[in-house]
Amino acid sequence: MPSDAVVQVNGTTITNTAFNHWLGVAATSTSGGTGTKPVLPVPPDYTACIAHLAATTPTVKGQVAPTHAQLKSECATQYKSLQQEVLGFLITSQWVLAEAKALGVNVSDAEVKKQFLSIKNQQFPKAAEFEKFLTSSGQTVSDLLYRVKLNVFSTKVEQKIVKSKGTVTPAQVEKYYNENKSRFGTPEKRTIKIILTKTEAEAKKAKSEIESGKSFASVAKKASLDPTSKAAGGLVTEVIKGQEAKGLDEAIFSAKTNVLSGPVKTPFGYYIYEVKSISPGSQQAFAQVKASIKAQLTATQQQAALTKFKKEFVKKWTAQTECRSGFVVADCKQYKAPKGASTATTPAG
């Protein structure tokens, strides 16, 4: 690895100069974008950082000021956080550019400039606003163009991956429709009246009382064990097949309207029932929904392809990323994850 490099990705180096530049950008962003140049935590001594913290840490009456060792530890923590952020960005940036080259994906300077101007004019319509953003973010126009370039490359790479995997056949569409017909229609619904009793004899008695002239509602309120329907005089609306207890369900969906029937034995007890009305179900024809099914299957297939690609992308480029000692992060091939930890990187960085 060249002496001025901190990382090398498949022969392409990330220099110490580039690392320090983006470290400054990250530190400026972390400081809240005040526009004041931040004091960078520079290892191994962190001299400037320690002095800055000592001068700016508020003193509280009755509390001991932090020691030199404590301030150094805080600076080291700051550096580690910034280092991981910056190296993550720079390494994955190289991965995107290398993958694009491998796939034959090209982006012209004109495309990048057009996209940059579009974003700039939308977010910063006034020149003064843009200049203020540059100052507060610590970035240059070249930095922003580089970010835009990466986004365009990343988008084109993903588009190429999903385009090559988005072929859904007519047979697949029809198969999905036939296996999922319930999703493309509404089921038949029935409004019923029921009375649940503990024994068959009690159910027959309740049925006899209704047949002799008593109202279903009055008998239900007196005899039914089902708390929900009992309060409504035995009425249950919009019942869908499979919703009621087995036995009762089969009975009510084969019954005619306005015929008092039962008792029917179920795991909960004995039911008498009467179907009051039937709302027929509906089914969309295959021709009506095949376009939406194809779009859905295509999207699912493309997402699966993209997920697989991203997993392979990380594995492929991690194996080709050599990091100098002191600059080893999760994207380096030398990295050994702590037990229980996991990391994931996407082409979008």
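In the predicted model, confidence is lowest in strand S3 (residues 185-186), with a mean pLDDT of 91, and highest in helix H8 (residues 200-211), at 97. Here pLDDT is the predictor's confidence in each residue, from 0 to 100. Helices (H or I, at least four residues) and strands (E, at least two) are DSSP runs, numbered from the N terminus. The protein has a mean pLDDT of 92, and 95% of its residues reach 70 or more. The model is predicted, and local features need pLDDT of at least 70, side-chain atom pairs count only at pLDDT 80 or more, and totals for chains, interfaces and linings use all residues. Residues are numbered from 1 along each chain as its sequence is written, and side-chain values use heavy atoms, with hydrogens and water left out.

Helix H3 (residues 68-103) packs against helix H12 (residues 286-318) at an angle of about 105 degrees, and their axes lie 11 Å apart. H3 is therefore roughly perpendicular to H12 (angles of 65 to 115 degrees). Axes are lines fitted to C-alpha atoms, for helices over the stretch in contact, and angles run from 0 to 180 degrees between N-to-C directions. H3 contributes Trp95, Val96, Ala98, Glu99 and Ala102 to the contact (heavy atoms within 4.5 Å), and H12 contributes Phe309, Phe313, Val314, Lys316, Trp317 and Thr318. Of these residues, eight are nonpolar, one is polar and two are charged. Ala, Val, Leu, Ile, Met, Phe, Trp, Tyr, Cys and Pro count as nonpolar, Asp, Glu, Lys and Arg as charged, and the others, Gly among them, as polar.

The second largest pocket holds about 210 Å³ of space. A pocket is an open set of points on a 1 Å grid over the protein atoms alone, where a 1.4 Å probe fits, with protein on both sides within 12 Å along at least five of seven lines; lining residues have an atom within 4 Å of a point. The volume is the space filled by probe spheres set on the points, which are joined across faces, edges and corners. Helix H4 (109-123), helix H5 (127-137) and helix H6 (141-164) each supply at least two lining residues. Among the lining residues are Phe116, Lys120, Phe130 and Arg147. The lining comprises seven nonpolar, three polar and two charged residues.

Some backbone geometry stands out. Most residues other than glycine have a negative phi, and most peptide bonds are trans. The bond from Pro43 to Pro44 is cis, with omega near 5 degrees. Pro44 sits in the loop between helix H1 (16-30) and helix H2 (47-56). The bond from Gly262 to Pro263 is also cis, with omega near 5 degrees, and Pro263 belongs to strand S6 (residues 261-266). Asn10, not a glycine, has a positive phi of about 50 degrees. Asn10 lies in the loop between strand S1 (5-9) and strand S2 (12-15).

Definitions and conventions: Parallel < 35°, antiparallel > 145°, perpendicular 65-115°, else oblique.
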